[in-house]
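These are my notebook entries on one protein chain, written down in the order in which I looked things up. I begin with the pockets, then turn to the cores, a helix and some single residues.

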Amino acid sequence: MGVVVQRLMRILVVLIVVVGLPVLGFVGMPRLKEWWDRQHPRVDSPSILAEKMKPRGTLVGANTMTLRLPQEVVETLQVQTAEVQPARTSDTLRLDGSLFLDANRLVHVSPRFSGDVIELGQIEVVENDPIGTSEKRTTSRSISFGDNVQKGQLLAVIWSKELGEKKSELVEALTALRFDQEKLQRMEESFAKGVVPERTVLDVKHEVESDTIAIARVERTLRSWRLSTEQIQAIRSEAERVRARKGDWHEELDESWARVEIRSPMDGTLVEKNVAVGDFVGTDLDLFKIADLRRLDVLAHIYEEDIPLLEALLPGQRRWTIRLNSEQQSQPLEGSFERIGNLIDSAQHTALVMGWVDNSAGRLRAGQFITAQITLPPDP
């Protein structure tokens, strides 16, 4: 019995050796190889290293702008060729901003003289017939806020006591000059005959010079009030008529002697009206403000890191399109920007970009929020 057990044990050991060693080698050989490689780094031969370092492509041409690759490299890397073209895509810079009246197209209409407003300019409007028919009729009304006016159009009439007195002073000075000139002529004739002394002639000459100085002083005052040469000449003519009528004034002259007409200095829209009939106005009051709304100013905000992008643009590239924030689907309007502000807002870290936008169609209103889009040239 003992002999049989010993034989079985020997057979079992043999089986373990025969079967277990291959299994152990299959499982442990990779790790053993990894450990061996770490302990004994492989050193390639010079020929193998030269093969590995051999370039897979060559530069062609003197400018070295062309690369030639072997066919196997092209197939391995799946290289594809295409024609080189300039960049087509452009970046768009969007700036938030607002619309403002153009200060160079805004005028303040003030009176040259203080006085009472006796009349306002009239404007013709077309209204529907109040009876209910389809016919329209033209009526007149006083000009008001928002009306369009033309250059030279009557805006208001002021009755100025100050102007009337200054005109009368000129007429008086002209009359006195003519009287003294005639007196001087008679005195010179009498002096030639020995009737009057020379002292009398000199006194009359002094009076004539004083009258001339008084006339020049009044005329300079009237010109400083922007009376035209034609208006001053009309006063001179009236002085002649008064003298011919021996001091009798023309009745029609009394109705216009102190009349001052306020007329529009430009084509535009009334954006402010501060006067009504019966008001007493001074020279420091803006009766009207007239603006040309066909072009509006644009003030947009740009972050300081984007400022170099705009500074790099040429003058002909400084264009932008303006779109209203309240009408995102509307057609954008063309314009351009001219200056970039020198101050950076400490809170937003933005600078102002100043430009304009065309408003010939009248769609835009001062004060509206807008988005300005600037197309930047593509990177070459």
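**Entry 1: the pockets**

Before listing any lining, I noted that a pocket is an open set of grid points with protein on both sides within 12 Å along at least five of seven lines, and that lining residues have an atom within 4 Å of a point. I also reminded myself that this is a predicted model.

Which residues lie nearest the centre of the largest pocket? I found that 24 residues line this pocket, and that Arg112, Leu227, Gln231, Val260 and Glu261 are the ones nearest its centre. When I looked up where the lining comes from, strand E4 (106-109), H4, H6, helix H7 (251-256) and E10 were the elements giving two or more residues. Sorted by class, the lining holds 10 nonpolar, six polar and eight charged residues, and the space inside the largest pocket is about 610 Å³.

I then went on to the second largest pocket, for which I noted a volume of about 450 Å³. Its lining has 23 residues, with Asn148, Thr269, Ala291, Leu293 and Arg294 nearest the centre. Strand E8 (148-149) and strand E11 (268-273) are the elements that give two or more residues to this lining, and E11 gives the most, with four residues. By class I wrote down 11 nonpolar, eight polar and four charged residues for the second largest pocket.

**Entry 2: the chain as a whole**

Of its 380 residues, 29% are buried. I also looked up how far apart in sequence the contacting residues are: among contacts between residues at least 6 apart in sequence, 71% join residues at least 24 apart.

**Entry 3: the cores**

How many residues does the largest nonpolar core have? I recorded 41 residues, and those with the most contacts inside this core are Leu170, Leu222, Leu227 and Phe288. The elements that give two or more residues to this core are strand E5 (115-120), strand E9 (154-159), helix H4 (161-192), helix H5 (198-224), helix H6 (229-244), strand E10 (259-263) and strand E13 (288-291). Among these, H4 gives the most, with eight residues.

I followed up Leu222, which, leaving out residues up to four places away in sequence, touches Leu163, Lys166, Leu170, Leu227, Ile232 and Ile235. Apart from this core lies another one, of 24 residues, which includes Phe337, Ala351, Ala372 and Leu376.

Just after H4, I came to Gly194, which takes a positive phi of about 80°.

Apart from neighbours within four places in sequence, Lys166 is in contact with Val218, Thr221, Leu222 and Trp225.

**Entry 4: residues in loops**

I looked up phi angles with one general point in mind, namely that most residues other than glycine have a negative phi. Gln78 is not a glycine, yet has a positive phi of about 55°. I placed Gln78 in the loop between helix H3 (71-77) and strand E3 (92-100), and Gln78 is exposed, with a relative accessible area of 65%.

His349, which is not a glycine either, has a positive phi of about 55°. I found His349 in the loop between strand E16 (333-340) and strand E17 (350-358), where His349 is partly exposed, with a relative accessible area of 41%.

Finally I looked at Leu69, in the loop between strand E2 (66-68) and H3. Leu69 is partly exposed, with a relative accessible area of 30%. From Leu69 to Thr58 I noted 11 residues in sequence and 6.7 Å in space, C-alpha to C-alpha.

Terms used: Residues are numbered from 1 along each chain as its sequence is written. This is a predicted model: local features need pLDDT of at least 70, side-chain atom pairs count only at pLDDT 80 or more; totals for chains, interfaces and linings use all residues. Side-chain values use heavy atoms; hydrogens and water are left out. A nonpolar core is a set of buried Ala, Val, Leu, Ile, Met, Phe, Trp, Tyr and Cys residues joined through side-chain atoms within 4.5 Å. Buried means under 20% relative accessible area, exposed over 50%, partly exposed in between (1.4 Å probe, protein chains only). Contact means heavy atoms within 4.5 Å. On a 1 Å grid over the protein atoms alone, a cavity is a set of points where a 1.4 Å probe fits but cannot get out, and a pocket is an open set with protein on both sides within 12 Å along at least five of seven lines; lining residues have an atom within 4 Å of a point. Grid points are joined across faces, edges and corners, and a volume is the space filled by probe spheres set on the points. Ala, Val, Leu, Ile, Met, Phe, Trp, Tyr, Cys and Pro count as nonpolar, Asp, Glu, Lys and Arg as charged, and the others, Gly among them, as polar.
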